[in-house]
Amino acid sequence: MNISIIGTGYVGLVTGVCLADLGNSVICADNDPEKIKQLKNLRMPIYEPGLEDLVRNNAKEKRLRFTANIKDAVESSEIIFIAVGTPSLENGEADLTGVENVAKIIARNMNGYKLIVEKSTVPVETGFWLTHTIKVNLPKSRRERLTFDVASNPEFLREGQAIRDFMNPDRIVIGVESQRAKKLLLELYKPLRAQIVITDIKSAELIKHASNSFLATKISFINAIAQICERVGADVTKVADGMGLDKRIGRAFLDAGVGYGGSCFPKDLDAFITIARKIGYDFELLKAVREINQAQKRHLIKKIKDVLWLLKDKHIAILGLSFKPNTDDLRNAPALEIILQLQKEGAKVKAFDPQSMDKASRILNDVKFCKDVYHAAKGSDCLVITTEWNEFKEIDFLRLKKIMAQPIIVDARNIYEPQELKKLGFHYIGIGRANGK
Ligand SMILES: NC(=O)c1ccc[n+]([C@@H]2O[C@H](COP(=O)([O-])OP(=O)(O)OC[C@H]3O[C@@H](n4cnc5c(N)ncnc54)[C@H](O)[C@@H]3O)[C@@H](O)[C@H]2O)c1
């Protein structure tokens with residue numbers, strides 16, 4: 001099938017290369033010429049495990065190409081995925097300017113039947129507006145002749161394992177309102193042999209917002225339980241294990257910590273709360289989820305202050321900058337907010353992250369970026385784990401203890417065993433754990 005993907009970011013690039021790998025002819029288009037230039041030279045603009053090899057192979061086989069010419073991408077394909085960013089506006093609404101702009105370009109350059117697929121996360125009823133925008137922007141002379149369909153096909157991949165998720169999805173959601181659109185998308189996804197949920201467009205749009213909001217709710221729920229655990233001397237990791245074995249609940253997303261971040265949950269919750277209000281429902285539950293998430297960061301700062309007293313001129317090492325492991329994505333990463341707060345109180349911050357230091361150095365000021373964990377820990381009064389990269393699980397603690405000014409570990413992701421670190425002579429502070437007050 002001839003496919004184009006408009007918006008070649010984390011979602012667009014992964015979707016494009018995976019669909020190419022399934023044997024389709026794919027054009028990835030973006031309005032960022034620098035990004036396209038990089039990709040044409042087979043340099044990856046993002047870090048995602050396995051991405052580079054897959055892009056190289058498919059580009060070599062001529063199933064995948066890149067362009068900054070969106071008109072060309074539209075003309076050359078029957079199925080067009082819109083995968084542009086949908087960031088938050090100041091009032092919490094999703095900024096759909098990119099989606100609208102792409103819709104206009106598609107309309108003006110249609111040269112035959114097109115299936116336009118929403119891949120970006122968008123609020124319910126975007127499908128209606130997408131259809132409307134395309135209709136009103138079709139050249140008058142061709143309005144009678146040109147036919148098109150709009151479909152919703154939200155993406156559920158997780159950064160850090162995006163290719164695996166795309167190729168082995170839990171489910172594929174297809175929101176369609178025509179048999180032709182349904183047939184095309186079923187054929188496209190047939191090789192994945194995944195469970196497919198077919199529905200109307202609005203329900204498909206809602207499945208995405210509802211899913212992300214539910215996952216964020218689980219995180220805030222366990223963070224609230226962590227607060228209770230700290231007050232009574234229980235261990236939230238054990239509570240989560242005990243809860244998670246119940247099949248109706250499940251263990252995933254029950255890890256207490258510094259709260260969720262990333263490019264999706266915060267903005268999707270904001271957008272869902274806002275669209276709900278617009279259509280007459282006050283989504284108080286999600287407002288509480290959001291507030292608990294914010295409070296968790298303030299709580300972490302308090303924990304650091306409780307153990308270091310004043311932060312002014314204290315040396316603090318931050319391990320992990322990306323919002324989660326195996327990605328270099330820093331959007332809404334909790335570590336960034338923590339660092340800014342620590343700096344505001346006068347602390348001197350050193351940091352190490354396996355993948356995102358380049359990007360971080362363009363955002364953060366006065367942070368000393370270190371070549372490894374030990375370089376960051378040297379002379380530090382406190383080490384804070386803000387992202388649970390696997391390599392942080394294999395630290396040589398004896399070496400660490402020798403080089404730190406004070407052997408204090410604030411484990412904001414609960415990746416260590418408190419008793420083991422205590423035995424090694426560390427002051428261990430976790431989240432929602434008996435000795436984590
Ligand atoms: N990142 C994730 O894990 C994830 C997962 C599921 C869904 N989503 C959703 O997918 C969408 C894209 O997310 P992302 O993380 O890939 O964002 P991204 O910022 O990495 O990529 C978006 C790309 O779109 C391009 N773009 C913006 N406006 C454009 C336009 N008018 N024409 C052409 N290109 C344009 C940008 O240059 C950028 O390369 C968002 O709606 C997001 O919520 C993201």
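1. The domain bounds used in this note come from an automatic or database domain assignment, and on that basis the chain is divided into domain 1 (2–199) and domain 2 (234–429). Taken over C-alpha atoms, the centres of domain 1 and domain 2 are separated by 33 Å. Residues are numbered from 1 along each chain as its sequence is written. The model is a predicted one, in which local features need pLDDT of at least 70 and side-chain atom pairs count only at pLDDT 80 or more, while totals for chains, interfaces and linings use all residues.

2. Where the two domains meet, 17 residues of domain 1 are in contact with 15 residues of domain 2, two residues being in contact if their C-beta atoms, placed from the backbone, lie within 7 Å. Sorted by class, the side of domain 1 that touches domain 2 has 8 nonpolar, 6 polar and 3 charged residues. In this sorting Ala, Val, Leu, Ile, Met, Phe, Trp, Tyr, Cys and Pro count as nonpolar, Asp, Glu, Lys and Arg count as charged, and the others, Gly among them, count as polar.

3. Helix α9 covers residues 201–232, where helices (H or I, at least four residues) and strands (E, at least two) are DSSP runs numbered from the N terminus. The 32 residues of α9 should span 46 Å at 1.5 Å a residue, and its end C-alpha atoms are 47 Å apart, which agrees; the expected span is 1.5 Å times one less than the number of residues in the helix. Just after α9, G233 takes a positive phi of about 80 degrees.

4. The ligand is surrounded by 26 residues, of which the closest are G7, G9, G98, S120 and T121; a residue is near a molecule or strand if its C-beta atom, placed from the backbone, lies within 6 Å of it. Helices α1 (10–21) and α5 (97–108) each supply at least two residues of this shell. By class, the shell around the ligand has 9 nonpolar, 12 polar and 5 charged residues.

5. Which residues of helix α8 (residues 179–189) are buried? They are A181, L184, L185 and L188, a residue being buried if 20 or more other C-beta atoms lie within 10 Å of its own, exposed if 12 or fewer, and partly exposed in between, with C-beta atoms placed from the backbone.

6. Two loop residues deserve a look at the backbone. Most residues other than glycine have a negative phi. R193, in the loop between α8 and β8 (196–199), has a positive phi near 50 degrees although it is a residue other than glycine. D366, in the loop between α14 (357–361) and β11 (367–369), is likewise not a glycine and has a positive phi of about 60 degrees. R193 is exposed, with 8 other C-beta atoms within 10 Å, and D366 is exposed, also with 8 other C-beta atoms within 10 Å.

7. Leaving aside neighbours within four places in sequence, I338 is in contact with V258, K297, L300, I301 and T386. I338 and I318 are 20 residues apart in sequence and 9.2 Å apart in space, C-alpha to C-alpha.

8. V197, in strand β8, counts as partly exposed, with 13 C-beta neighbours inside 10 Å. Not counting residues up to four places away in sequence, V197 touches R171 and V173. The C-alpha atoms of V197 and E155, which are 42 residues apart along the chain, are separated by 13 Å.
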